[in-house]
Amino acid sequence: AIHFSDQLSRIARAQESDAVLVRLGREAHEYALVVAKLSLHAATCILSLLEEELKVESQEIRLQSIQTLAQIFNHHQNKLSSLQSLWSGWLGRRNDKVARCRIAWIRGALEIFNSATRGNNQTVCEQILPLVLERLQDPDEKVRLATLHSISSELLPISRSIKCTLENLIE
């Protein structure tokens, strides 16, 4: 966690165009992902740092945090209730001011949704699907197109689950 924190501090102070620091950021996030997949308890400090990253000005750091957290949530869907603050913060990134971050969020959300349908995690499905669908109304055409593309590429394996989830939301 200290290594991760040190790396992120260096990156936060640097310019986004510094390729070496961007690479270090990716490496730090890969490390965070490995630790979090092994043990959420051991990753408590790292998860707090990732939550703070969701709020920083640097779009590259927010992007990496969105992607890393999506993978962590996908791996630990059955423990989302114990990560409520972090989960809520990540869900809020669907409205990030940067289209690239919103697109990354959509892709991560659909991966989580797809995995949740396979695991019959109806609660996660019902939380994620309406938020993804609202991106179809995004003011940025790139985001709308990315949403359509992501949904269509994931649609075949999850179409039955979408139908069931939509039916449950309507009821």
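This is a predicted model: local features need pLDDT of at least 70, side-chain atom pairs count only at pLDDT 80 or more; totals for chains, interfaces and linings use all residues.
A residue is called buried when its relative accessible area is under 20%, exposed when that area is over 50%, and partly exposed in between, using a 1.4 Å probe and protein chains only. Residues are numbered from 1 along each chain as its sequence is written, and side-chain values use heavy atoms, with hydrogens and water left out.

**The chain as a whole**

- The secondary structure comes to 8 helices and 0 strands, where helices (H or I, at least four residues) and strands (E, at least two) are DSSP runs numbered from the N terminus.
- Read along the sequence, these elements give the pattern α-α-α-α-α-α-α-α.
- Of the 171 residues in the chain, 46% are buried.
- The chain exposes about 9100 Å², of which carbon and sulfur atoms supply 53%, with areas taken from the Shrake-Rupley method and a 1.4 Å probe, and with only the protein chains shown counting as cover for residues.
- Among contacts (heavy atoms within 4.5 Å) with a separation of 6 or more, 63% are accounted for by residues 24 or more positions apart.

**Helices α6 and α7**

- Helix α6 (residues 99-118) and helix α7 (residues 122-134) pack at an angle of about 150 degrees, with their axes 9 Å apart; axes are lines fitted to C-alpha atoms, for helices over the stretch in contact, and angles run from 0 to 180 degrees between N-to-C directions.
- The contact is made by W105, A109, L110, I112, F113, A116 and T117 of α6, together with V124, C125, I128, L129, L131 and V132 of α7.
- These contact residues divide into 12 nonpolar, 1 polar and no charged, where Ala, Val, Leu, Ile, Met, Phe, Trp, Tyr, Cys and Pro count as nonpolar, Asp, Glu, Lys and Arg as charged, and the others, Gly among them, as polar.
- In α7, the buried residues are V124, C125, I128, L129, L131 and V132.
- From first C-alpha to last, the 20 residues of α6 reach 29 Å, close to the 28 Å expected at 1.5 Å a residue, the expected span being 1.5 Å times one less than the number of residues.
- The 13 residues of α7 reach 19 Å between their end C-alpha atoms, close to the 18 Å expected at 1.5 Å a residue.

**The loop between α6 and α7**

- N120 is placed in the loop between α6 and α7, and at 68% relative accessibility this residue counts as exposed.
- Although N120 is not a glycine, it has a positive phi of about 55 degrees.

**Other helices and residues**

- Helix α2 (residues 19-38) has end C-alpha atoms 29 Å apart, which agrees with the 28 Å that its 20 residues should span at 1.5 Å a residue.
- The buried residues of α2 include L21, V22, L24, G25, A28 and H29.
- E154 has its place in helix α8 (residues 141-170) and touches L110 and N114, not counting residues up to four places away in sequence.
- The C-alpha atoms of E154 and R107 are separated by 9.8 Å, although these residues are 47 residues apart along the chain.
- Q59 lies in helix α4 (residues 59-75) and is partly exposed, with a relative accessible area of 25%.
- Q59 and A99 are 40 residues apart in sequence and 10.0 Å apart in space, C-alpha to C-alpha.
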